[in-house]
Amino acid sequence: MRDYDENTRVKIPATIQFLRLGYKYQSLKDDEIDKETRIFKNRFAKAISKINDNTYFSEEEIDSILVQINQIIRNNDMGREFYQWLVNPGDRIRLIDFENIDRNDFAVVNELTFGPDGRGNEKRGSFRPDINILINGIPLAFLEVKPPLNRGGIQAEFKRMLDERLEKEDLRKYFNMLQFVTFSNNLPYEDTDDASAAEDVKVGSFYTTPNAKKTSFSFFRDERVKTDGFYDVSNEVIAGVLKDNEYLHPERILEMSEFITNLDPLSPCNAFVTSFFERERLMFFLRYGVVYVKGQIPEKHVMRYPQYFAIKALNERLERGEKRGIIWHTQGSGKTELTVYANRFLRDYYAKKGILTRFFFVVDRLDLLTQASSELANRWISVKNVSDKAAFSAELNKVVSTNTDMTSEYEFTVVNIHKFESEIPQVKNDYNANVQRIFFIDEAHRSYAMTGEYFKNLMIADPDAVFIALTGTPLLATKERSTMKFGEYIHKYFYDKSIADGYTLRIKRESIETNARSNIRMNLLLEDPDKSKKVIRESPEYVSAVGAFIDEDFQGFRLQNFDRTLGGMIVCSSNPQAKLMKSWFDRNSILKTGLILSDVEITSNENKEVQKSFKRNVDEYDMLIVHNMLTTGYDVAHLKKMYLLRNAHEQTLLQIISRVNRPYRAPATKKSYRYGYIVDFVDIEAEFDRTIEKYLAELSADFALQGEDGVTFKGLVVGPEEIRQQCDVYFAAIAEIIDISNIEKFSREIWHLDLMRLYEIRKCLNGILACRTEFILSRNYEYAKEIDDERIKSLLREVQNSISLKNLKESPADTLLLLSDEEVVSIIYEFLKTSVKILDMGKFEDIKGELGETFKKIKREYGKVKNPHQIELIRLNELLQEIFSKMEISSAEELKVRNDELLGVLDAVSNLNAENERIAEKYDGNYAFVKTYTDCIEMHPELPREDVEMLVARVYHSVKDISAKNRYLLEKRDTFVKTVMSETIEYLYDSESYDRLHLDTWYEDELLKNAYDNIKIFA
């Protein structure tokens, strides 16, 4: 039934949740939309007048502003100029008032079309999001919703966004204007250790900012859930929203228990609406949570939820008068970008108090100064590098920065603390200026021993400064505990959460093959007691043996993944070994390697160029060869495999292996990698286990003091045994649901399972296949042989067919349109094969082909439907659902009856399409008036159809004539109704239709207003 569909299950309840948050509801039927920008002129004009000191703007001035906006959003800059206008208008008029949030106009509108001239549909290059968020009439975000367990999961929406919308040139300007894009299928996130990137998760709610081909989707796990304080929304208002969305009997829906359940403010989708779109939070994200990144192709990033909660926690810390603390966010979670967001926020925070701000970013190595400076400058930060006492003293004592330029938004002084062997300069503050210095201390787990000069001098450089320490691996030793130096934790975000959110990956540790290790030892006489490990590892023989192994392994790694964009890194045990390794690859391999060393023979500029080239394009370098450099802070997504020849300890080990933990999606195959890979030549397992044990032990004590929950590093590094255990978990999870030992029995029994269980089985089967791939990548062929991949694929086909049939039963018309002819026939055939109980299978074979043809014809007829909400079609959908529910066939005769029933549906849909086409001819093919006619018939079944047809035809020709003279008379609903009424009323009186059809009770309020609405729908 239409009363229980995607709209009533998710879209309208989510719309009501926006109203509970203080948004207004905007109808498309009472609008004045600028066709180029899709800005609602009526809301826009009132709002900008209010937030610009009640300045009056004439209609001509409003149109001029809209023309300026349209010109700016057409720029090829990912919308940066328009965003700057929003948050920092300068001499332009203000579009948003960030200081007084309640002065802005917040509204939502359903099904607003974006596209060429705002017309058309998806097939013609336009799109129509479910819920559009307007701030001062400007569409700045939208929410796409799907019902739980929709076909393809939430990924279907991601794919459509990436492949069908962001790729279209005609739509680019709209995505330059839209700041946030969100999706939900009204389900909670999966609670599983088998976490994947958002792009691979089928359930939940996600947000992003349009970033062209590099758009990625983020979870939002709310750390401060709002459960009360909502505005009341009456049933009368809800009924109005339902009616505006073409539900002619809202009172019936308001009584449905399912609808009442979905209205719950804490349902997954509604809770997400609250988490992200609560007005103050949305304004915070808009003002501080968007950053542009320079590059060959510019990028646009959005603040991650842990970054948001870290800044909110920092704000509370400052409000309490505390000026020190640690932000512990795991490697790869975006600490550098966090400082950019915090810079913006803190500058405004202190400006409101009349205090100027100076920002310093402290590193402890030259290569990190280079990396940090580059990362900050790429985000439009003006960077001043300081590496001597005089320069730092000058910067420290400036009240206002003189480093910014016209192209930069903010500023940072980047300080390499290792350059200060003696006392660091201290603040003089000769002019008693009201200035707040803010130090972000990168990698705060290093170089800051409490008894050392660096820490002491840094702390006294400005005793009144704010010190924010950043770390992914804090020091926990009793004497050097990070919290003893920099204060308590401001915010914490650990590996387990980062992996679950898809911001970082697990590390898969691969020991080199036993036979390869034996051969290397035998050939190099590693057991010779006269040879030290250093001598052996720097010998040409060792380098040659290891180089040959790496060369073969890395090329096989790319081949197995069908992805030559993957990059590698060899971490050597010394500079001499690294140079020998580079020389070996130059002589013996087709792989191109770059050497990065802190060495007198290699200049700083040479190191920089190699780093940039590898980061920019893997075609220039396949692998990097390093010793100490780039083992911290160097983030490259396509760096997916590391060959570890160097021993490392504690936090240094965690830092090194984290170089390969960034999410990466293959450009060609669209595969999202689940792991970063470490090939372990030095047996790090024992050291890693010791490090983690030490972390967990000291963390337990640390958090016990603070009353905090525990933390886990579970699953950070996995090997073949852990993956085998995960594979066993998948098999056990399936076994709890169904027996898979006999495919024939499985194929019969699976049809009786509900969708939730089917999706669980499908996820586990896919997980088993992924484990097999990982075994092959590890050359662990014994484990791989234990998995019969062809059998698993057969089971997957059965599961997918069953899922599709369930969807056919629930939403037959919608699902048929999503499937190909071959898929439809395959699904029906597989179902009948396992459920039909006929002794004479010959009779089954005779009708199988006929049944398949019937389904294909029904599918084609449904594809011709112009108005899916027509009451006759809704009834036919319900009939299809009933037929599918009776597909438990016990005889050939019963199967024939089902086919005859389907043929009846086919005839009905064909006749309905033919009748609508006949009616459309009377209106020159304009389906807005076909819908107006069918709506009238539904609302007034007592009236003769020929009279209604005549009446709608008169309205159509009147609209056509008026449009030819002055189409602007038809732009607004009130003028449309008034003008058409004046043009038709005389004829209706003279023909006696007005009294005979009782038009005084419904012509103006129902027919004419409905005609206007339908013209908008079919525009």
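Let's start with β11 and β13: they run parallel and are joined by four bridges. Helices and strands here are DSSP runs, H or I of at least four residues for helices and E of at least two for strands, numbered from the N terminus. Two strands count as paired if DSSP finds at least two bridges between them.

Before going on, a word on the ground rules. This is a predicted model, where local features need pLDDT of at least 70 and side-chain atom pairs count only at pLDDT 80 or more, while totals for chains, interfaces and linings use all residues. Residues are numbered from 1 along each chain as its sequence is written, and side-chain values use heavy atoms, with hydrogens and water left out.

Back to β11. On its other pairing, β11 meets strand β14 (residues 435–441) in the parallel sense over seven bridges, and Thr 357 stands opposite Gln 436 in β14. How many of the eight residues of β11 are buried? Seven of them are, so to speak, under cover. By buried I mean under 20% relative accessible area, with exposed over 50% and partly exposed in between, using a 1.4 Å probe and protein chains only.

Now zoom out to the sheet. It is an open sheet of seven strands with parallel pairing, in the order β12-β13-β11-β14-β15-β10-β16. Because β12 (381–386) and β16 (489–493) are at the edges with a single partner strand each, one side of each has no neighbour in the sheet. On average, neighbouring strands in this sheet are turned by 20° against each other, direction ignored.

Asn 385 is the residue opposite Val 414 in β13. Helix α14 (residues 366–377) lies across β11 (356–363), β12 and β13, and runs at about 160° to β12. For angles, axes are lines fitted to C-alpha atoms, for helices over the stretch in contact, and values run from 0 to 180 degrees between N-to-C directions.

Next, a hairpin: β8 connects to β9 through five residues. Strand β8 (residues 290–293) and β9 are antiparallel, with four bridges between them, and Val 293 has Glu 299 in β9 as its bridge partner. In a regular strand, side chains alternate between the two faces of the sheet. In strand β9 (residues 299–302), Glu 299 and His 301 point one way, Lys 300 and Val 302 the other way, and all are buried.

On to helix packing. Two packed helices are described by the angle between their axes and the distance between the axes. For helix α2 (residues 41–51) and helix α3 (residues 59–73), the angle is about 105° and the axes are 11 Å apart. That makes α2 roughly perpendicular to α3; the cut-offs are under 35 degrees for roughly parallel, over 145 for roughly antiparallel, 65 to 115 for roughly perpendicular, and oblique for the rest. Lys 41, Phe 44, Ala 45 and Ile 48 of α2 make the contact with Ile 62, Asp 63, Ile 65, Leu 66 and Ile 69 of α3, where contact means heavy atoms within 4.5 Å.

Two single residues for your viewer. Which helix holds Gln 17? Gln 17 sits in helix α1 (residues 6–20), and Gln 17 is buried, with a relative accessible area of 0%. Leaving aside neighbours within four places in sequence, Gln 17 is in contact with Phe 230, Pro 265, Asn 270, Val 273 and Thr 274.

Glu 278 is in the loop between α10 (268–277) and α11 (279–288), and is partly exposed at 23% relative accessible area. Not counting residues up to four places away in sequence, Glu 278 touches Leu 21, Lys 226 and Val 273. Glu 278 and Gly 22 are 256 residues apart in sequence, yet 8.5 Å apart in space, C-alpha to C-alpha.

Last, the whole chain. It has 40 helices and 23 strands, and buried residues make up 57% of its 1019 residues. The mean pLDDT, the predictor's confidence in each residue from 0 to 100, is 82, and 83% of residues reach 70 or more. Over residues 118–123 the pLDDT is below 50, and this stretch has 16 contacts in the model beyond near neighbours in sequence.
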